[in-house]
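Dear colleague,

Please find below the structure that I am handing over to you.

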Number of protein chains: 2
Amino acid sequence: MAGVNPIPELPMAAPAPARERADAARNRARVLAAADRLFRDGEPAAVTMDDIAKAAGIGRGTLYRRYPDRASIARALLDEHERALQERLMRGPAPLGPGPAAPAERLAAFYAAMVDLLESHVDLVLGAETGQARFATGAYGFWRAHVRHLVTEAGTGADPDVLADQLLAPLAPDVYRMQRGRGLGPDRIAAGLAALARGVLAPRA
Amino acid sequence: MAGVNPIPELPMAAPAPARERADAARNRARVLAAADRLFRDGEPAAVTMDDIAKAAGIGRGTLYRRYPDRASIARALLDEHERALQERLMRGPAPLGPGPAAPAERLAAFYAAMVDLLESHVDLVLGAETGQARFATGAYGFWRAHVRHLVTEAGTGADPDVLADQLLAPLAPDVYRMQRGRGLGPDRIAAGLAALARGVLAPRA
DNA sequence: GGTCAACCGGACGCCATGTCCATTTATTCG
DNA sequence: CGAATAAATGGACATGGCGTCCGGTTGACC
């Protein structure tokens, strides 16, 4: 804790509005690195702003200057991963991206990608985005728009506005973590979601 | 606040292990009545133990004696409603209860009943049962067992252990409240859930 | 009416949050 | 190169909820 962390130069989201003082940049990197580590190590919801400040080797005030709460830090950490997935959804190859794939298959592919996201990088970090606030996120809006679009395209006559949120619900971090905790593997969870996708969106014979 | 509330004699869950002193019983009734009111009035998550104690006209210590946290109070308030629904599931008429109805229709009926539950009595109270803790509830275990059973009976070859939780996810209080907040009515939400139920469990032609 | 146990309730310590401001430090300009 | 200036820093502070503890009170039973 005392002195020397290499700080692996996380590139992370770098806003750099006009110009950023060198010390500010250095401290932001420290905060993100420290938060990432803390979120992974223990119960994300139990990490306090104080913990992060201490682990980053900076003061409370400095931390609050840039990040008003834990959620904003988690968002900063997630940002690039979510962007990457959004990019693949919009411009990547089918069935994840647009293309000849049927809506049901595209939804299944989206589910698989989200499970990857939940599993590899963020499972712990997402834990910091708790409850209601999740739905206000820009990312959630994007996922909803995507799913809504797929429901509409499927042409099953179902209500897209209602179904979009309901189809996203199983991806809630709480739910995913609980299922993982019950001994279910990511592939099995993804398979369940695929069944759900095909059941709801695939045309009935 | 000072003195006189009729206290509408909520029957509520009355454990009465051996015998309960009159003052204790009176205070429990006051606590439940006060909590019910507070949960309905404002943001449930913002209600503090202190608020409840003050509103009930008792001291902190007294409140903590019986209820270790907000969730336990919410559970006490929910208890009878959940029990009633569980009873109907196990012994009531089809399609909600057991009987000749197809699994998909039984799941749709269950969804409708849960929407009723969320809508009428508890929407606000459920708000107090936040996040992870929800899954540890006895009630949640019951819902899961029920849905798991329906998935198995449907015989679609899907994974019941995985699907049960995923099919329950759209009933999360957070999700329901968010949808209601977006202007969607209970019937519309229930219709969406019914579509989900039939898509996943109804036999394909 | 007396004894005893259960109940009551407010005071207390703890911890996290978010703010504020005196001081330090990077950057720019003469 | 060395001030001037504005930004960044960090720790102290006030606030508020949580959960506990214990001296006093009151209901229940004999």
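**Two helices of chain B**

In this predicted model, helix α7 (residues 138-154) of chain B and helix α8 (residues 160-168) of chain B have axes that come within 8 Å and cross at roughly 120°. The helices α7(B) and α8(B) are therefore oblique to each other, since angles from 65 to 115 degrees would count as roughly perpendicular and those over 145 as roughly antiparallel. Their crossing, that of α7(B) and α8(B), is right-handed.

On the side of α7(B), the contact is made by Trp143(B), Arg144(B), Val147(B), Arg148(B), Val151(B) and Thr152(B). On the side of α8(B), Pro160(B), Asp161(B), Leu163(B), Ala164(B), Asp165(B), Leu167(B) and Leu168(B) take part. By class, the residues of this contact between α7(B) and α8(B) comprise eight nonpolar, one polar and four charged.

**How chains A and B are related**

Chain A is superposed on chain B by a rotation of 180° with 0.0 Å of shift along its axis, and the RMSD is 0.0 Å. The two copies are thus related as by a two-fold rotation axis. Within chain A, Gly199(A) has the C-alpha nearest the axis, at 2.3 Å from it.

Through which surface do the copies meet? Of the interface residues of chain A, 100% are also interface residues in chain B, so the copies meet through the same surface.

**The surface near DNA strand D**

There are 22 residues around DNA strand D, and those that come nearest are Ile58(A), Gly59(A), Gly61(A), Thr48(B) and Gly61(B). Helices of both chains each supply at least two residues of this surface: α1 (22-41) and α3 (60-66) of chain A, together with α1 (22-41), α2 (49-56) and α3 (60-66) of chain B. The largest share, four residues, comes from α3(A). The residues of the surface near DNA strand D divide by class into eleven charged, six polar and five nonpolar.

With kind regards

Conventions: Residues numbered from 1 in each chain as written. Chains lettered and ligands numbered in written order. Predicted model: local features only at pLDDT ≥ 70, side-chain atom pairs only at ≥ 80, totals over all residues. Axes fitted to C-alpha atoms, helices over the stretch in contact; angles between N-to-C directions. Parallel < 35°, antiparallel > 145°, perpendicular 65-115°, else oblique. Left-handed = near helix turned anticlockwise from the far one by under 90°. Contact = placed C-beta atoms within 7 Å. Nonpolar A, V, L, I, M, F, W, Y, C, P; charged D, E, K, R; others polar. Least-squares fit on C-alpha atoms with pLDDT ≥ 70 in both. Near = placed C-beta within 6 Å.
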